[in-house]
Amino acid sequence: MRNHKSAVCILSIVLLLPFITTAQGTLTGTVTSGGKPLENASVTSSKAGATTDKDGKYSLRLSAGPHSITFSIIGFTVQTMSVNIVDGQTTVQDVAMEPDVLRLETILVVGTRSLPRSAVGTPLPVDNVDLPTLKSTGQITFDKALQYRVPSFNTVNTPVNDATTLLDPYEIRNLGPSRTLVLINGKRKNLSSLLYVQFSPGRGETGADLSGIPLDAIKNVEILRDGASAQYGSDAIAGVMNITLKDRYDYSHVTLFGGITNKGDGGNYGLSLNSGANIGSRGFINYTVALSQQDNAIRSGIIDIPTELATFGGDATTDDAIRRYLAVYPTGNNENGTGETTAGKFLFNLGVPVGERGLFYSNAAYVFKKVLSNANFRTPYWRIDEVLLHAPVTGAPDYTGSSYGAPGSQLQNDFQADKAAGKYKGYNGYEPTFDGDLIDYNATAGFKTELNGWKQDISITVGGNQQLYSVVNTVNRTLVKASPTAFKPGGYGFFNVIGNIDISKSITDNFAVGFGTEIRKETYKIIAGDTASYSGEGANSFPGIRQENSGTFSRYNMGAYFDASVNVTSNWLIDGTVRGEKYSDFGNAFVYKLSSRVKVAGDNFVLRGSASTGFRAPTLHQIYDQSTQASFVAGTIQLSGLFNNNSKQAFLMGIPKLKAEKSTNFTFGVGVKPVRNLSMTLDYYDITIKDRVVYSSAISSSDSSTTLYHILQDAGVVQAQFFINGIKTHTSGLDFVGSYTHITLGKGMLGVNFAGNYTLTNEIVGSPNEPAAVKEANTTILSTQIRSLLTKSRPKYKAVLGFDYKLEKWFFNLTNTLFGPTEFQDLDNGGSIMEHIKQEFKPGVVTDVNVGYDFSSKINATVTVCNVFNVLPKWSLKALDKNGEAYLADATQKSLLEGFLEFSGRYRILAYNGSQFSQLGAIFQATVTFKF
């Protein structure tokens with residue numbers, strides 16, 4: 001564990017903040033455009049904010065002194081003004097906003113590609129989260145901040161790390177990371193090159209690296225919770241996330257941060273610089289540099305001896321060795337938890353005016369990460385490979401010949417006996433480590449202008465993600481004494497080039513059209529490891545990528561859309577979009593979307609809904625990835641193969657080529673604003689996906705009469721997985737969002753926010769599409785374990801209740817996040833009895849407290865306690881039928897099963913599959929920001 005002095009120092013400087021009563025005044029005014037009031041314009045200072053009412057009026061309580069106030073609303077030029085607040089007095093500042101058709105505005109606020117509208121008039125559900133809201137979570141990465149502010153968004157550290165230490169799976173509405181499209185300033189973000197293969201949520205999929213986006217570069221995030229394939233193409237089945245970058249320059253600032261867990265580990269520290277300059281009245285450059293260090297946090301459990309004996313024992317000698325070892329090392333020397341991450345991030349956003357109506361724009365980001373995680377510790381009674389890592393005592397027997405003893409064999413028993421007799425020294429086992437190096441980049445350059453009312457936008461975007469791996473302090477058993485102890489297993493790369501043209505025009509005040517095209521080339525690269533990493537059995541803990549499985553694979557696609565938006569009346573909006581796509585590898589797609597919004601009582605009561613079709617192209621990862629992977633199953637390492645759909649094995653098994661998923665989406669919702677500053681929305685969603693691509697169960701057969709048996713034997717593996725358009729799924733649920741702001745409480749201002757997501761249905765419809773060889777072997781592509789991962793592994797419901805209170809120079813935030821139950825049926829480690837029993841993680845409430853203080857207009861500090869009550873995930877076993885009830889009624893059997901699910905207690909908190917929130921417990925975090 002690293003020295004945490006840096007983190008502790010940063011925490012210490014703000015633990016005791018002086019309580020100083022500060023003079024205050026009021027800022028009021030009216031925001032208009034063309035003489036008419038603008039509702040829902042945002043009025044913000046560095047620590048407070050308000051929105052205008054239907055008359056365009058706003059009011060802010062601010063500390064006495066100078067302030068920089070920003071006025072913004074979509075479709076209008078952002079204005080920043082300096083005001084001076086006088087103690088006890090009211091200052092009036094009226095603002096006239098000018099339309100800005102060239103602003104790098106988010107285009108998905110209404111889910112349309114034609115006419116921009118205010119958020120009040122949206123026909124579709126949208127979460128809008130600004131930077132102060134994200135930073136108030138105390139989380140140091142963007143993805144984890146979203147976890148505690150957006151109910152429909154879920155992500156969590158996986159219990160088994162290796163490559164997933166680089167980035168964790170995330171998803172919206174329980175539909176996997178592949179079905180949420182991520183945009184940066186409205187342009188598609190490249191995918192990660194990592195394909196998740198662990199038995200955890202997101203298995204078999206990939207997504208963009210959200211954790212690589214520096215928080216201080218973000219202006220706000222909008223999440224469209226509706227299918228949007230017609231507008232944006234593939235991947236937008238669950239929704240679209242658009243990250244709007246900071247643009248106009250207000251001030252420079254440096255933020256220092258540090259934190260530590262309640263166990264004294266997992267320290268983090270770093271700094272972030274955000275600065276820039278304005279170019280004329282409309283141009284800007286804004287850039288962010290962020291450096292961070294996240295140390296590992298160990299949450300290994302005490303090993304349960306009966307389970308360990310059942311897993312590794314079997315004879316008196318080995319059983320005795322297990323007991324004696326665990327008496328000295330009760331955790332088996334395991335160091336599982338979260339990995340160590342070092343990261344450097346750079347991002348800029350640029351806009352340069354060209355003439356009166358043109359704008360050249362560009363943004364780019366470069367991220368480097370280096371991670372280190374630990375594999376399970378190889379205890380001496382588990383594996384005897386450690387004799388390759390140390391020199392034996394002179395005269396001791398040599399058990400490192402070409403023949404190795406299996407667990408329980410005489411050879412291994414002799415080794416354990418000699419070790420117990422002191423004939424070896426230093427043989428306490430060994431711990432393989434995993435190192436990962438990640439580079440992620442994206443860049444966009446484009447030009448916007450307007451000619452005769454036609455808005456035109458042309459751009460090119462490039463992006464890439466490459467990961468290279470190393471495993472250290474391990475061996476390749478097949479190579480015996482010739483084995484190195486460090487390996488380069490290879491890695492992966494994903495790269496894209498995207499061209500976009502978007503054109504739109506308001507034909508009349510009530511009718512607008514938009515159309516455009518996108519051309520995209522994607523490239524996926526599989527990088528072979530060094531020969532020693534994959535020869536024979538391969539490097540223990542992480543075998544390398546074989547040379548014959550490596551390669552570079554590409555495809556291109558072209559798409560075009562047409563969108564029309566019409567206000568049938570002043571209160572009734574209809575929007576429609578159609579889109580066609582052609583892919584070079586699987587064919588065509590045609591989708592549409594129709595949405596509508598009706599104002600029943602102005603903006604105070606709104607009905608909205610949509611119906612759409614969508615598609616998701618299988619990723620190149622899913623089409624071409626092929627590997628041999630070592631998996632830990634019931635105490636042993638088993639080699640399994642992932643065969644891609646172009647392989648000989650896939651052909652012999654009767655697996656068809658992958659094709660696009662097809663979806664049907666319906667939403668219906670209501671928005672209510674009963675009084676000023678109080679708004680509520682409730683939306684129902686219904687999503688059906690046909691031909692959904694799944695990563696199959698581990699397929700095996702011991703019956704030598706089956707075709708499957710011979711395919712596996714010829715491939716040199718005991719089990720195989722593959723991707724297939726295998727299932728149809730149906731997901732439905734409810735989203736609720738409520739906000740009540742600017743409530744006067746004493747001398748301060750209170751805001752209350754509540755948001756929740758409830759899953760009504762998340763099910764697999766009908767029977768899976770089983771290949772011929774799988775049917776013949778009487779097995780299935782969709783085991784109970786995979787079914788539980790797809791349908792039950794994310795919270796049944798999730799809700800966030802937050803309170804913000806601004807008092808003079810103080811700022812307080814209290815947020816409670818309720819995580820609903822999740823379920824798993826882990827057959828790999830629990831055995832076939834898990835067909836009758838489920839492992840259920842119980843609901844939990846995580847409470848975060850954030851306190852901020854402005855020491856001056858140039859310095860402020862915050863202290864956050866995440867999970868202040870140190871709530872940890874808790875799970876229990878529940879019977880699904882009488883067989884399960886009978887099994888759990890036997891206390892010894894139940895205890896052993898619990899042990900098997902958590903590797904004899906090593907993963908006592910999370911077990912193998914993971915929970916719905918973090919296992920780290922309370923975390924103390926502090927930041928200090930210096931403005932200049």
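Let's start with α16, which lies across β42 and β45 and runs at about 125° to β45. Keep in mind that this is a predicted model.

Strands of a sheet pair through backbone hydrogen bonds, in either a parallel or an antiparallel way. Here we have an open sheet of three strands, ordered β41-β42-β45, and the pairing is antiparallel. Residues 822-824 make up β41 and residues 875-879 make up β45; these two are the edge strands, each pairing on one side only. Going from one strand to the next, the twist averages 30°.

Take a look at how β42, residues 837-841, meets β45: the two pair in the antiparallel sense over five bridges.

For α15 (residues 882-889) and α16 (residues 891-901), the axes come within 5 Å and cross at roughly 100°. Angles of 65 to 115 degrees count as roughly perpendicular, so α15 is roughly perpendicular to α16.

Which residues of α15 and α16 make the contact? On the α15 side you'll find A886, Y887, L888 and A889, while α16 brings in A891, Q893, K894 and L897. Sorted by class, the contact of α15 with α16 has six nonpolar residues, one polar and one charged.

Conventions: Residues numbered from 1 in each chain as written. Predicted model: local features only at pLDDT ≥ 70, side-chain atom pairs only at ≥ 80, totals over all residues. Heavy atoms only, no water. Axes fitted to C-alpha atoms, helices over the stretch in contact; angles between N-to-C directions. Helix = DSSP H or I, 4+ residues; strand = E, 2+ residues; numbered from the N terminus. Parallel < 35°, antiparallel > 145°, perpendicular 65-115°, else oblique. Contact = heavy atoms within 4.5 Å. Nonpolar A, V, L, I, M, F, W, Y, C, P; charged D, E, K, R; others polar. Pairing = 2+ DSSP bridges.
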